[in-house]
Amino acid sequence: MTRTVVVTGGSAGIGLAAARRFAAAGDRVVLLGRHEGRLDAALASVRAAGATDPLAVRADFADRAQVRAAAARVAAACDRVDVLVNNAGGLTRGAACLRVNHLAGFELAHLLLERLTAAARPGAPARIVTTASLAEAWGVLDVDRPLRESLWHRSRWLAYGSSKQANLLFTVEAARRWSPLGVLPTAFFPGLVRSRFASTSPLFMLGKLIPVLYAAPHRAADTLLWLADAPAAGLTPGGYYFLRQPFAATPRSTSLDRAGRLWRASLTATGVSS
Ligand SMILES: NC(=O)c1ccc[n+]([C@@H]2O[C@H](COP(=O)([O-])OP(=O)(O)OC[C@H]3O[C@@H](n4cnc5c(N)ncnc54)[C@H](OP(=O)(O)O)[C@@H]3O)[C@@H](O)[C@H]2O)c1
């Protein structure tokens, strides 16, 4: 049966590289992106890769109304979602970083949960694959008040690290709550990737002068594709992976207690029901 794969951040970088591979393998691909020109080009690119009935949905994840409208469009177009790739994100400062990199994906996953469970079969769960980062290690996330404008989060790298902690904590708690419903959430670190990410950071751009440090997006997407395709029995619900192997995160990003508290605070912040 043809799978339906929804890719947030599908208009560029890792998300687009993954979407092209899903399309080439015969999956129906739904791309979410923010920039109209990039999204149009991405749609043409997945068509060229073999997608038969692709859909592109534009939404700025900084705007909750646009997230909800995008979810409604996806739900109207797809009676089930086999894989949700929760990948959109960027390097910004303040609460906006948490909104885009965590809360938008959190809300979208809730709004598509019925479509995910509709795709689940015994022994073949639907999947949520989240793009996390090593940057979680320096996050300073307040799990009870994730949108609090803290002084720390004036630094975009600290704000970004906190949002990536949130990605991992989301994965841990989603596994606890949604595995019984037939949904398998995992997360991965793509490595350092030659994409548009952090193009405003002089240090990050300087690093790109050393090509061996940075992977091309299609290589970085390998673990994402593997988490979407590998037999579910070999994957750990809530697990974090790098190069197809389990990867260690800091206890702040894997604590069940923090995961539960962030989930409750995220429900409050988004207004979605559990
Ligand atoms: N690059 C790295 O070294 C690296 C390392 C670790 C983790 N990551 C993570 O990998 C993920 C993908 O990044 P990438 O490297 O592929 O970078 P990218 O080429 O900049 O792609 C980012 C994607 O996210 C979308 N996006 C960003 N802000 C958005 C917003 N406000 N609303 C909706 N969509 C938005 C972009 O949409 P538009 O293009 O339409 O604006 C784009 O499709 C991110 O979560 C990033 O944190 C990247």
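Predicted model: local features only at pLDDT ≥ 70, side-chain atom pairs only at ≥ 80, totals over all residues.
**Entry 1. The chain overall**

I began with the contacts in the protein chain that have a separation of 6 or more, and found that residues 24 or more positions apart account for 73% of them.

I number residues from 1 along each chain as its sequence is written.

I looked up the radius of gyration, which is taken over C-alpha atoms, and compared it with the globule rule of 2.2 Å times the number of residues to the power 0.38. A compact globule of 274 residues would have a value near 19 Å, and the 17 Å of the protein chain agrees with this. Along the principal axes, the C-alpha atoms fill a box of roughly 50 × 45 × 35 Å.

I then looked up burial. I call a residue buried if 20 or more other C-beta atoms lie within 10 Å of its own, exposed if 12 or fewer, and partly exposed in between, with C-beta atoms placed from the backbone. Of the 274 residues in the protein chain, 49% are buried.

**Entry 2. The sheet**

I listed the secondary structure and found ten helices and eight strands in the protein chain. Helices (H or I, at least four residues) and strands (E, at least two) are DSSP runs, numbered from the N terminus.

In what order do the strands of the open sheet lie? I read the order S3-S2-S1-S4-S5-S6-S7-S8, with mixed pairing. Two strands pair if DSSP finds at least two bridges between them. S3 (55–58) and S8 are the edge strands, each pairing on one side only.

At the S8 end, I found that S7 and S8 pair in the antiparallel sense over two bridges. Phe242 stands opposite Gln245 in S8.

**Entry 3. Strand S1**

I turned to S1 (residues 4–8) and found that five of its five residues are buried. Thr4, Val6 and Thr8 cover one side, and Val5 and Val7 lie on the other.

S1 runs parallel to S2 (residues 28–33), to which five bridges join it. S1 also runs parallel to S4 (residues 83–86), here with three bridges. I followed Val5 in both directions: its bridge partner in S2 is Val29, and its bridge partner in S4 is Val83.

I also recorded that S1, helix H1 (residues 13–24) and S2 make a right-handed β-α-β unit. A crossover is right-handed if, with the strands pointing away from the viewer, the path from the first strand over the helix to the second runs clockwise.

**Entry 4. Helix H9**

Which residues of H9 (residues 222–229) are buried? I found Thr223, Leu224, Leu225, Leu227 and Ala228. These buried residues pack against H1, S4, S5 (126–131), S6 (183–188) and S7 (240–242).

The ligand is surrounded by 29 residues, of which the closest are Gly9, Gly13, Gly89, Ser195 and Phe197. H1 and H2 (36–48) are the elements that give two or more residues to this shell. H1 gives the most, with three residues.

**Entry 5. Loop residues**

Most residues other than glycine have a negative phi. I therefore looked up Ala198, whose phi is near 60°, and classed Ala198 as partly exposed because 19 other C-beta atoms lie within 10 Å. Ala198 is in the loop between S6 and H7 (202–207).

Arg244 also has a positive phi, near 65°. Its place is in the loop between S7 and S8. Why does Arg244 count as partly exposed? Arg244 has 13 C-beta neighbours inside 10 Å.

Lastly, I located Thr254 in the loop between S8 (245–246) and H10 (256–270). Not counting residues up to four places away in sequence, Thr254 touches Leu168, Val172 and Ala249.

Terms used: Contact = placed C-beta atoms within 7 Å. Near = placed C-beta within 6 Å.
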